[in-house]
Amino acid sequence: MSSAKHVFRNTAATVALIAAALATTPAVAKQANIKSMSFHTESANTTIHVGSSDKQKWDTLKSGNVQFWGHMKLNTRWPGYVQDVGVSLGVCGPGQCGVFPPIWSASPVSRDYDHQENFSFDPSIIPQSSDTGIAVVPYGDQIISKCNQHLQADGPTKSYSFTHTFHASFSALTDTALDMDNAVSEAQGGSWPHPLYDSHYAEHGSFDVQVVCDPVIKPKVQDIANDFGEFDVENVKLFLTTYQSNQAGSTPGTVCPSLKVTSRAQANQAGPVSMRIWRQKNAGPITSEVQQAWASYDATKNGYFATYDKWEDVGATAYFQYKTGIIGNGPFEPFDGWKDITVHCTGAGGGGFTDALRTTPTSRRHIRTGRARSLCPTALGSKNSARARARWRSRSSAMRRVRFTTASAARTARSSREPRPPSTMAGCSRRALHMNSTSSGPARSSAPCRRSSRMARSPPLTTTARISPASSAISTRKPTI
């Protein structure tokens with residue numbers, strides 16, 4: 001009995017140890033089969049500034065904000081799903097992107113993945129080669145080398161700009177699961193974005209960035225006239241711009257433009273600029289954030305400017321308000337007041353609107369009115385009124401004369417002479433004859449209606465129709481009875 005208990009205790013202890021080991025050991029993801037994978041990128045209007053620390057050559061990538069747009073798409077085969085995704089700077093293959101500078105990461109845990117993103121990163125993540133090793137991506141070395149190819153005799157004293165091409169890699173970690181309810185996203189430790197070391201698939205894209213080699217100003221003489229004094233921010237401006245980037249909205253079928261918020265400060269010399277940006281969306285709460293940018297020399301504007309750009313995820317048609325101000329020691333620091341913009345999304349959902357044009361059908365009342373005017377007074381039940389017949393006959397006769405006398409616009413309409421007997425109506429239409437014959441009431445006239453000719457007699461009323469060659473308009477002078 002005691003032996004059985006001892007064996008049971010040992011078995012329970014073994015199971016507990018195995019469970020603890022499984023809990024502490026990360027599960028190895030099983031690579032899923034995929035149908036397709038793509039990574040489409042587009043450039044944004046951003047700039048990298050290069051400075052000089054010793055005023056002898058360019059050697060520093062200044063702080064800023066590099067941006068580009070990308071569309072990531074990955075379709076797996078069942079029972080595969082997408083566990084983690086990430087975007088790294090440079091060209092790397094599956095399982096290699098963990099050592100490359102990370103730009104963005106996420107854990108979708110979904111069967112397929114389709115997402116668009118406005119990516120941004122600081123140039124400080126771009127490594128440069130040194131005595132201790134070669135940089136994993138060559139962009140920093142290439143930019144510094146190209147700037148120094150344009151050194152002047154007295155050093156980096158003349159600005160130079162060019163366009164440089166960067167590459168980015170979209171990598172994905174996949175796994176398999178029959179039931180997605182059992183696929184749980186694991187929390188990633190450390191800072192964001194998370195490097196993706198054990199990816200299964202990778203795709204690449206490219207984008208262009210403007211590079212400006214900022215000049216160094218060397219005064220000829222050391223006097224107070226060339227002393228810039230203390231660092232000071234002179235003004236700040238806020239700009240709101242929308243870009244048609246086919247960004248998917250928050251509701252299927254909705255497409256929204258991207259909104260770019262730019263805060264640009266002007267300083268008296270190079271240095272860090274701290275600014276606070278206030279934001280309100282629709283009637284929501286007012287929030288603010290503090291951002292820092294570096295003021296560097298801009299040769300095109302002939303001054304020192306610090307720029308911070310932010311992209312908004314609109315999602316649906318919305319009304320935005322922004323304000324920006326400089327954070328400093330003084331009570332009257334520069335600021336730019338509230339500016340607003342309404343971003344319109346297109347499509348059926350998400351508060352958007354459709355671009356399809358609506359056609360308004362012709363009013364039935366107008367159709368009936370036009371048809372009634374084409375009938376003779378007998379069919380309309382006008383009781384053979386001489387005045388009604390005269391008005392109708394004059395109008396019909398004038399319209400016929402317009403049709404037959406286009407070549408001779410100056411011809412005067414014929415005057416009517418004798419009234420026809422009430423029993424005979426010249427100019428009655430076939431529809432009037434049909435209505436007269438099928439009417440349930442007594443016949444208005446025993447004489448049949450017949451088509452009127454150009455020489456038909458008219459009531460003793462004088463009506464003159466004039467045709468203008470320019471507009472073909474008819475001016476009618478009412479007769480005096």
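**Entry: Cys92 and Cys97**

I began with burial here: Cys92 and Cys97 are both buried, where buried means under 20% relative accessible area, exposed over 50% and partly exposed in between, with a 1.4 Å probe and protein chains only. The two form a disulfide with their sulfur atoms 1.9 Å apart; I count a disulfide when a pair of cysteine sulfur atoms lies within 2.5 Å. The torsion about the S-S bond of Cys92 and Cys97 is about 100°, so this disulfide is right-handed.

**Entry: ground rules**

This is a predicted model, so I kept local features to pLDDT of at least 70 and side-chain atom pairs to pLDDT 80 or more, while totals for chains, interfaces and linings use all residues. Residues are numbered from 1 along each chain as its sequence is written, and side-chain values use heavy atoms, with hydrogens and water left out.

**Entry: Cys147 and Cys213**

Next I looked up the disulfide between Cys147 and Cys213, where S to S is 1.9 Å. Its S-S torsion is about -75°, so I noted it as left-handed. Cys147 sits in helix α2 (residues 139-148) and Cys213 in strand β9 (residues 201-213), so the pair ties together parts 66 residues apart in sequence. For these elements, helices (H or I, at least four residues) and strands (E, at least two) are DSSP runs numbered from the N terminus. Cys147 and Cys213 are both buried.

**Entry: Cys256 and Cys345**

Here I found Cys256 joined to Cys345 by a disulfide, S to S 2.1 Å. The torsion about this S-S bond is about 110°, so the disulfide is right-handed. This pair links distant parts of the chain, 89 residues apart: Cys256 is in strand β11 (residues 254-267), and Cys345 is in the loop between β16 (335-343) and β17 (346-347). I checked burial for each: Cys256 has 1% relative accessibility and so counts as buried, and Cys345 is buried with a relative accessible area of 0%.

**Entry: the disulfides together**

How many disulfides does the structure hold? I have three. With bonded cysteines counted along the chain, they follow the pattern 1-2, 3-4, 5-6.

**Entry: the whole protein**

Stepping back, I listed five helices and 19 strands. Of the 481 residues, 36% are buried. Among contacts (heavy atoms within 4.5 Å) with a separation of 6 or more, 74% are between residues 24 or more positions apart. The protein exposes about 28700 Å², and carbon and sulfur atoms supply 52% of that area; accessible areas come from the Shrake-Rupley method with a 1.4 Å probe, and for residues only the protein chains shown count as cover.
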